Amino acid sequence: MNRRHLAAAVTALALALSGCATAATGSGAPQDGGTLTYLDAEIPTSAQVQESGTWQTRALQQNVTDRLVYRNAETGELEPWVAESWEVAPDGLTYTFVIRDGVTYSDGSALDATSVARNLEWQSAGDAEKGTTPNAQFPSGLTARADDATRTVVVTLTSPYAPFLNVLTSWSAGLVADATIDAPKEEQQRFVHLIGSGPFVVESEEYGKEIVLVRREGYAWAPPSSPNQGEAHLAKVVVIPVLEDSVRLGTLRAGEGDVIRYVQPSEEKGLVDAGFHVVAGTGVGLSNQWFLRSSAPFLDDVRVRHALQRLIDRDTIVDTLYTDSWSPATSVLAPGTFGYQDVSDEFAFEPDAAAALLDEAGFTQRDADGYRTKGGQRLTVKTYIDVYDNTAKSLFQAIQQQLKEAGIDLQLNELDYSTYWATAFKDPEVGFLRVGWPHPDPSRGLQQYYSKDGQDLLGLQGSDARLQELLDAQTAAVDDATRQDLLAQTQQHLVEQGYVVPVLDDSQVFVTAERVEGFRLTDGALPEFSTTSLTQ
């Protein structure tokens, strides 16, 4: 089938299927050329780098732009990329980068020290005239001085910012040409105007239907650990958003797709048996967790919050609903993340201990439906099913049943993708919501979620002085040992206070056709198409 007709074929397949509900693949020598069709589960949104919040947008930016620093997904170590080396002053206020020679953007302009300095200041300050906000991961007040003769960029901060090097590995820290920075914001939001130095270039885009990436001719500056140090093997990658699970799967099985993201765990074994490959990864950052709002009904009592932590049988959920691609959460951070500490003993499944806590909290009576009551009020907790995970509905329903057995009425509500964030997070009756995605730096991720200066999802407004102190101190902790200790204390504190309920380690699950070789994931569980090839 001609590739330009694939979108129509997908639509036809949707009608036919309407009643149906980590490592790199392959080991053969890479073959040159070919078009890979990648079916994502969601529509990419804005290409504007400071706005790169959605996973599907990050996946494109990862392959179109390069970054100063690279994190090896296997070792967790930081490696040179566009910056061939760097030095950090003992006080954490000055960073000196040596920029790799000969790197260019896809429009032919030089990715030199001057360009890097402009990118860093643009990320830090944004562009008020264009309406571009600063990158929330970057330190404010950053200044960068370039010397093209020595290929150096000296970055000066107003105060120490320990997450800085990790932030520079982020999808949102991708370096872009002057033409992109100078463009109106409306143009920056389009992928065809995202001019990077990466192994692929955006050839065309049709919102909600198709984005076409083509191989960057002459690309020769991959991270040193990459198995492909030259141009991408693939000639083209066609990215098509297909929101229905059954349609993506059907398209793959029909041979009209090569890689899909998101598949129901129940489908994995059958796909492997049919010759497909399952590639899954947990990105560095925060685990899949529920934050508990003490302002919601009944959750002001820490005993109730602790009971919720200990009433989720994570092992049974993974064994019955998931596969080896998934694992129970053991902390607020995901394994492999800098500073991760296993604190699972603090929220292990202990129904008897949870029952005793609920009794102590005064929920000793039961109503006609078997739910616990106190003063005639049923112990009810409200939530909305997460829209960002295709397994969320079955997960939430399983936990609903587990809590019901303990006498807690978990009320599940649903919203669509477009209204979820604005509605669910503003509902004062909501007891918890799911958060936790890959993040380039754990300190910054925790600060964005739980600090009074971030999203303050717990609604504490700084009232927990200890938590705020731990979150604030991590920014200025310029030595790794101190920051690891602070991260360990933060994870422990969040769990001990009953603020969060870690559930799963967040997994991105892909399925590839048998002819796909070398498909692998970044440290953030994003696809790296530059190493991928197709067999004949």
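Helices here are DSSP runs of H or I, at least four residues long, numbered from the N terminus. I am working from a predicted model.

**Entry: α7**
I looked up what comes after α7. The helix is followed by G255, and the phi of G255 is positive, near 85 degrees. I then checked burial, taking buried as under 20% relative accessible area. I listed the buried ones: S246, V247, R248, L249, G250, T251 and L252.

**Entry: α9**
Next I went to α9, residues 302-310. V304, R305, A307, L308, Q309 and R310 are its buried residues. What covers them? I found that the cover includes β13 (288-292), α10 (314-321), α11 (351-360), α12 (392-405), α16 (480-496) and β20 (500-504). I also checked the N-terminal end of α9. D301 caps it, with a side-chain oxygen 2.9 Å from the backbone nitrogen of R303.

**Entry: β19 and β13**
β13 came up again, this time with a strand partner. It pairs with β19 in the antiparallel sense, over 4 bridges. W290 stands opposite R434 of β19. I asked which residues of β19 are buried on each face.

**Entry: annotation**
I checked the UniProt record, an unreviewed entry. It annotates residues 77-454 as "domain: Solute-binding protein family". In the model, the end C-alpha atoms of residues 77-454 lie 27 Å apart. The span is 27% helix and 21% strand.

Methods: Residues numbered from 1 in each chain as written. Predicted model: local features only at pLDDT ≥ 70, side-chain atom pairs only at ≥ 80, totals over all residues. Heavy atoms only, no water. Buried < 20%, exposed > 50% of the residue type's maximum accessible area, 1.4 Å probe, protein only. Helix = DSSP H or I, 4+ residues; strand = E, 2+ residues; numbered from the N terminus. Contact = heavy atoms within 4.5 Å. Polar contact = N/O pair within 3.5 Å; in protein donor to acceptor, adjacent residues only side chain to side chain. Pairing = 2+ DSSP bridges. UniProt positions renumbered as here; feature names shortened; annotations may be inferred.
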